[in-house]
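Open the structure in your viewer and keep the selection tool ready.

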Amino acid sequence: MFAPAAQASKIAYELECPSQLADLTPERVETMMQQEPRPDLECYMRALVRSQGQAVPVLVRLLRDQRDVSRTVALWTMVHLGPAAAPALPELMALHQREMGELDRLQAQGADYKTLAQAQSAATTVTRVFRDLGRVAQPAIPYLSALYANPAYPHGLRDEIAMAIWQISEENDSARLRTIAALLSSGKVTHEAAQLIAPFLIRMGSRASPVLPALRTSLLNDWTSGLIDAYLAVQGDEIGIPYLFQVGGESPTPVADTLRKRGPLADRYVTDAIKLPSSRTAAIALLRDIDLPGAMAHLVDELDNPASADSAATAFVTIGRKSAPANQKLLALLDAGGTRDRARRNLLLNAIDSTGPVTGIARSLLLDAFQDDLRVALRQKDLEQRQRPCKGQLCAPVDCLSARLLEKSGALVASDLPMLKRAYRDAAQAGARACLSNTTGLIASLGSRPALEFLYERFLASRREHDMDDLRRGLTINIAPAVPRIAAGIGRLRGDRLVMVESMLLAPGGEEFLATYQARVVPGLLALPFAADADRALAQSYSEYSRSIGMSPGMPESTMPTTRGGLAVLRIERIAPRTPELMSVLLRMAAGSGEDVAKQAEAALGNIRIQQRALRAACFREIGDWLVALPAGPAQRRLARLQKVYAFSYKDHGIAPLE
């Protein structure tokens, strides 16, 4: 692959060429370039430039030459000859075709990245010569436009071709419009090409109407290309904005950016779009990004019409914006018989929740809806077990929205616990994941000791990842009522369940018992990783999922402990007070020979560094002391990794971080 012409163009003209090279003819330059070495290459280039049109036959032969240096000299010379190089343009196009053909061949063969990059660089170099030649290269526009239309070529190369086409177009409007039409008709326009042509179209306005068909088609193919403002400048807002709503689908963000510039007029455009079935979806989605009072008022008015009320309710769910007038009308629709149909009831409940408070919904209505959801979930489970098909609304998934709204409304009291326990069992029996999760939240919201103890018992009995995570989150909202039950049985827990319960005690309300528990347990835990049996495998495999450290369930965790000592380190990380002494002990563990203990200690130190900024500087210095004393090996590599982790910023430890 030959060197870019741009590099050759940087040759310093101040360099004096030897006197014997001052008056070289093009043919003599060609002959001398066959010799090795060639210390005066730039002088050969200058000699060719001085020869002007007489150099063209030589340039044609150099462009055909297989040697990189010959083609580089020819390309550089053509750029500086300008119009005088026009007769060599066909050979330049032939060279470009060969380079593009080579790129095609390598892509078809699945060549490696480096080889493809070299081929692309060679093609790009020749493309830039077209651009630098300017108007001289106009005969190449049809050829280059056909290449730009091929989406298989690399993005950067297509951008170079677009810039070449633009640069070699004549500096008159009609020629530029023809170039734009060629670019737009080539398919998806790159962002860089759009940035190139958009300012010209905006300046031209309606005078650029000949490219409107191609411009509309381009937006239809990719309306995020950056040509929206240019399209509206040519088409005009009254026709252009409705068209944008039609092609925008459910991704109206580019239109939102444009409408913000229209001020009050935006409200009218969006309201008109809502009234048309073809643009309603896009216009409603846009209201998530822009607050337009007129459009919102129109949707509120639609709630008064039975024929459009449900569609308007769906719109408010999509928008997710608070609206007191809509909230009141939706409550009225619910009270007027919106509970007879389960799907419509859930739609209205969801819309009420989206537009304002849910405290206006009757407690009895929400309880009836909750019980109905559970009955449907049980019925669906029964049909599934008997392998019977569902019909109608029985096929719709049950999300127990009513339970979530009961929690938000604060309508439940302590005496509702027996009912909620039955609901929990029904949801568990039905395998209704959403209902079970929402019911857990309802029970937790009661905040009573019986309620929290019930959740804790479910947690101990559960074997499902998602259920355990829901129960853990419910308990940690208000752990205090469950602490007596936890204290009574924590000594009998083992393994991952013990780690999870210990983690719960870190939640607000568990502080008092946690302090007592730490004083009793942590000293023994700190000794376990150094015990003779620290490397003994756990009797029961520790959970490989991240539920054990309180993250979302189901995520594989690669650092779970496998030994007695490793489990002790994990528990230390969970509950031990963060002190300099703890950091020193963990560093001893990380520098030890026990692989599982050391791995857990390294992970613990990494986590603590994020949580405790005040401990970073001292730990960083201590890591340095350990590295001086440790021989090469696994322990030294662990400490070196930790040193990089702790070498975070100058603020932390007063010295520059490691590179």
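Begin by selecting Leu349 together with Leu334, Ile361, Leu365, Leu366, Leu401 and Leu405: these are the residues that Leu349 contacts once neighbours within four places in sequence are left aside. Contact here means heavy atoms within 4.5 Å. Leu349 belongs to helix 21, residues 342-355. Helices (H or I, at least four residues) and strands (E, at least two) are DSSP runs, numbered from the N terminus. Is Leu349 buried or exposed? Its relative accessibility is 0%, so Leu349 counts as buried. The cut-offs are under 20% relative accessible area for buried, over 50% for exposed, and partly exposed in between (1.4 Å probe, protein chains only). To check one distance, take Leu349 and Leu366: they are 17 residues apart along the chain, and their C-alpha atoms are separated by 9.2 Å.

Before moving on, a note on the source. This is a predicted model, in which local features need pLDDT of at least 70 and side-chain atom pairs count only at pLDDT 80 or more, while totals for chains, interfaces and linings use all residues. Residues are numbered from 1 along each chain as its sequence is written, and side-chain values use heavy atoms, with hydrogens and water left out.

Next, select Cys400 and Cys435. A disulfide joins them, with an S to S distance of 1.9 Å; the criterion is a pair of cysteine sulfur atoms within 2.5 Å. Cys400 sits in the loop between helix 22 (363-385) and helix 23 (401-409), and Cys435 in helix 25 (residues 433-446), so that the pair links distant parts of the chain, 35 residues apart. The torsion about the S-S bond of Cys400 and Cys435 is about 85°, which makes the disulfide right-handed. Cys400 is buried at 0% relative accessible area, and Cys435 is likewise buried at 0%. A search of the whole structure finds one disulfide. Cys619 can be selected too: it counts as buried, at 2% relative accessibility.

Now go to helix 33 and pick Arg609. With 8% relative accessibility, Arg609 counts as buried. A polar atom of the Arg609 side chain lies 2.8 Å from the backbone oxygen of Val645. Then select Gln612, in the loop between helix 33 (595-611) and helix 34 (616-629). Gln612 is partly exposed, with a relative accessible area of 30%. Its C-alpha is 9.5 Å from that of Thr579, which is 33 residues away along the chain.

Select residues 634-646, which form helix 35. This helix has 13 residues and reaches 19 Å from its first C-alpha to its last, close to the 18 Å expected at 1.5 Å a residue; the expected span is 1.5 Å times one less than the number of residues. Which residues of helix 35 are buried? They are Ala635, Arg638, Leu639, Leu642, Gln643 and Tyr646. Viewed down the axis of helix 35, these buried residues fall within an arc of 145°, so they line one face of the helix. The arc is that of the directions from the helix axis to the C-beta atoms.

Finally, show the whole chain. The protein chain has 36 helices and zero strands. Of its 659 residues, 51% count as buried. Among contacts with a separation of 6 or more, 67% are between residues 24 or more positions apart.

How values were computed: Polar contact = N/O pair within 3.5 Å; in protein donor to acceptor, adjacent residues only side chain to side chain.
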